[in-house]
There are 2 protein chains.
Amino acid sequence: MTTEPLNYRSLCPLSTALDLIGDKWSLILVRDMCMGKSKYGDFQNSPEAIPTNILANRLRKLESNGILVKRPYQDKPVRYEYCLTLKGAELLPVIQQLARWAHQHVAESMPPPAWFLNAKPEDLIKASKL
Amino acid sequence: MTTEPLNYRSLCPLSTALDLIGDKWSLILVRDMCMGKSKYGDFQNSPEAIPTNILANRLRKLESNGILVKRPYQDKPVRYEYCLTLKGAELLPVIQQLARWAHQHVAESMPPPAWFLNAKPEDLIKASKL
DNA sequence: TTAATCACTTGCAATAAGCAAGTTACTATT
DNA sequence: AATAGTAACTTGCTTATTGCAAGTGATTAA
């Protein structure tokens, strides 16, 4: 498997999950990948405007935690795409629940698109090797 | 309603949700309240060992965002309890999905108790005024 | 040759987290 | 009456993380 931090605050499943993806940006990136985005520039262009150094850092962490895979889709010049693994795709239910909650309880938030709420993790993985 | 930050990164529901509870500690506290904990000292005694200044700060934020209510349950000396509102209790599905995900994909994490996975938000609110 | 794009890295300032100790208001003990 | 103890915090300070602006290397396009 991939290298994981190994310094969990506790072994409570919620706590370990938060240690891996419980920061301000990780799930935003997972969302973007759920929406079909896959390139560095795509992530930068999201409305939340992630700083570029943090983007690079989060992509590295998510990769080393097995949530996404980075692979070149061309050379000269080399360009990479970032795709969810099964582990990453299965965060979809988490994101769906968060979006549902915000829609119900945060007045300012926009409604999540229906296709998003009905999507399944399996729909998201396009030929990645787990 | 209660005072909310009003400085959301975007109006995407996921993004607004993360702006409210997407930090390292908020959901840990919501989990504790889901488990029946309600006092300052209870939260401090959780295995993740939240620093006391951060605990006080998070309780304030969660209260001002309408996720919990703080109320005295005795005076002389005054002691407070912190209880989930409906808004807070409805984070349960989010936490359940996170726990489920960790159990499936994080080798080190313990299995979530069955009663927890089957609990419903309504079960959690004990006579708070929404 | 110059300009442009993509995918980053680097340096530094600002913000947040974490640790230890102190405080206030009581109750209980000697 | 003095001492100790507990609950719920606050304060000061150090360390770590974020965020902003600018710079870099590879390559294509004008």
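**Entry 1**

I began with α6(A) and helix α6 (residues 92–105) of chain B, which pack at an angle of about 170° with their axes 9 Å apart. Angles over 145 degrees count as roughly antiparallel, so I logged α6(A) as roughly antiparallel to α6(B). I note that the model is predicted.

Next I looked up which residues make this contact. From α6(A) I listed P93(A), V94(A), Q97(A) and L98(A). From α6(B) I listed P93(B), V94(B), Q97(B) and L98(B). I sorted them by class: 6 are nonpolar, 2 are polar and none is charged.

**Entry 1: α2 and α6 within chain B**

I stayed with α6(B) and turned to helix α2 (residues 26–34) of chain B. The axes of α2(B) and α6(B) come within 10 Å and cross at roughly 105°. The range for roughly perpendicular is 65 to 115 degrees, so α2(B) is roughly perpendicular to α6(B).

I then noted the residues that meet here. α2(B) brings L27(B), V30(B), R31(B) and C34(B). α6(B) brings L92(B), V94(B), I95(B) and L98(B). By class, I wrote down 7 nonpolar residues, no polar ones and 1 charged.

V94(B) and L98(B) are on this list.

**Entry 2: the whole interface**

Chain A and chain B bury about 3900 Å² between them. Carbon and sulfur atoms carry 71% of that area.

Which residues of chain A lose the most area to chain B? I found R9(A), L14(A) and W101(A), together 19% of what that side buries.

**Entry 3: polar links across the interface**

How many salt bridges does the rule find across the interface of chain A and chain B? I recorded 0. I then looked up polar contacts between the two chains. The rule finds 10 residue pairs, both residues at pLDDT 80 or more.

Key. Residues are numbered from 1 along each chain as its sequence is written. Chains are lettered from A and ligands numbered from 1 in the order in which they are written. This is a predicted model: local features need pLDDT of at least 70, side-chain atom pairs count only at pLDDT 80 or more; totals for chains, interfaces and linings use all residues. Side-chain values use heavy atoms; hydrogens and water are left out. Buried area is the accessible area (1.4 Å probe) that two parts lose on being put together, summed over both. A salt bridge is a side-chain nitrogen of Lys or Arg within 4 Å of a carboxyl oxygen of Asp or Glu. A polar contact is a pair of N or O atoms within 3.5 Å; within protein, one must be able to donate a hydrogen and the other to accept it, and residues adjacent in sequence count only if both atoms are side-chain atoms. Axes are lines fitted to C-alpha atoms, for helices over the stretch in contact, and angles run from 0 to 180 degrees between N-to-C directions. Helices (H or I, at least four residues) and strands (E, at least two) are DSSP runs, numbered from the N terminus. Angles under 35 degrees count as roughly parallel, over 145 as roughly antiparallel, 65 to 115 as roughly perpendicular and the rest as oblique. Contact means heavy atoms within 4.5 Å. Ala, Val, Leu, Ile, Met, Phe, Trp, Tyr, Cys and Pro count as nonpolar, Asp, Glu, Lys and Arg as charged, and the others, Gly among them, as polar.
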